Amino acid sequence: MLVEDAMTSFDAPHPAAVWAEAISLDPLQVDCVTTIMLTILDNQCEMGLEEQIALMAIYGVMKHRDGIVLEKAVHQAIERAQLYNDQRITDEIHELRLYAERAIPRQIMRYFKRFLQESLYGF
């Protein structure tokens, strides 16, 4: 029975994903999550590995929600980047990250990152 209990714990969603399911983010905040995901995929993220894993879990929940700045094509590019390691896709992710960082005001992104840190403290 202990082995079965241990196995089910591996199937449990990341606590950050549970948090993301329960929270209501506005469309611009969804774009912020997507932008951070682009930053992770572009190897420009300054977060630690545990924070990156938490953000990827949040993105997994949020990717189906509508943003205001970033289109569905961005999510399709992220999906391709997660499946394939190809220079063309890497270049596309880089360009999308730069676009997202220009499109979302820095002050909003800073506020959102602070909100994430406070909300996810301890995950």
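Helices here are DSSP runs of H or I with at least four residues, strands are runs of E with at least two, and both are numbered from the N terminus.

**Ground rules.** I'm working with a predicted model, where local features need pLDDT of at least 70, side-chain atom pairs count only at pLDDT 80 or more, and totals for chains, interfaces and linings use all residues. Residues are numbered from 1 along each chain as its sequence is written, and side-chain values use heavy atoms, with hydrogens and water left out.

**Asn-43.** I started with the loop between α3 and α4, where Asn-43 sits. Asn-43 is not a glycine, yet its phi is positive, at about 55°. Is Asn-43 buried or exposed? I looked up the cut-offs: buried means under 20% relative accessible area, exposed means over 50%, and partly exposed is in between (1.4 Å probe, protein chains only). At 68%, Asn-43 counts as exposed.

**α3 against α7.** Two packed helices are described by the angle between their axes and the distance between the axes. For α3 (residues 27-41) and α7 (residues 106-120) I noted an angle of about 85° and axes 10 Å apart. The axes are lines fitted to C-alpha atoms, for helices over the stretch in contact, and angles run from 0 to 180 degrees between N-to-C directions. So α3 is roughly perpendicular to α7; that label covers 65 to 115 degrees, with under 35 roughly parallel, over 145 roughly antiparallel and the rest oblique.

Which residues of α3 make the contact? I listed Leu-28, Gln-29, Cys-32, Val-33, Thr-35 and Ile-36, which meet Ile-108, Met-109, Phe-112, Lys-113 and Leu-116 of α7. Contact means heavy atoms within 4.5 Å. The residues of this contact divide into eight nonpolar, two polar and one charged. Ala, Val, Leu, Ile, Met, Phe, Trp, Tyr, Cys and Pro count as nonpolar, Asp, Glu, Lys and Arg as charged, and the others, Gly among them, as polar.

I then picked out Gln-29 in α3. Gln-29 counts as buried at 17% relative accessibility. Leaving aside neighbours within four places in sequence, Gln-29 is in contact with Ser-24 and Phe-112.

**Aromatic rings.** How many aromatic pairs does the whole structure hold? My search found two. Rings of Phe, Tyr and Trp (its six-membered ring) pair if their centres lie within 6.5 Å; planes under 30 degrees apart are stacked, over 60 edge-to-face and the rest tilted. Trp-19 and Phe-115 form a tilted pair, 6.0 Å centre to centre with 50° between the planes. Trp-19 lies in α2 (residues 15-22) and Phe-115 in α7, so this pair ties together parts 96 residues apart in sequence. Trp-19 is buried at 15%, while Phe-115 is partly exposed at 22%.

Phe-112 and Phe-115 form a tilted pair too, at 6.0 Å and 40°. Being three residues apart in α7, they are separated by about one helical turn. Phe-112 is buried, at 1%. Ring pairs link Trp-19, Phe-112 and Phe-115 into a cluster.

**The core.** A nonpolar core is a set of buried Ala, Val, Leu, Ile, Met, Phe, Trp, Tyr and Cys residues joined through side-chain atoms within 4.5 Å. In the largest one, with 33 residues, I saw that Ile-58 and Leu-116 touch the most other members. At least two residues of this core come from each of α2, α3, α4 (49-62), α5 (72-83), α6 (87-103) and α7. Leaving aside neighbours within four places in sequence, Leu-116 is in contact with Trp-19, Ile-36, Leu-55 and Ile-58.
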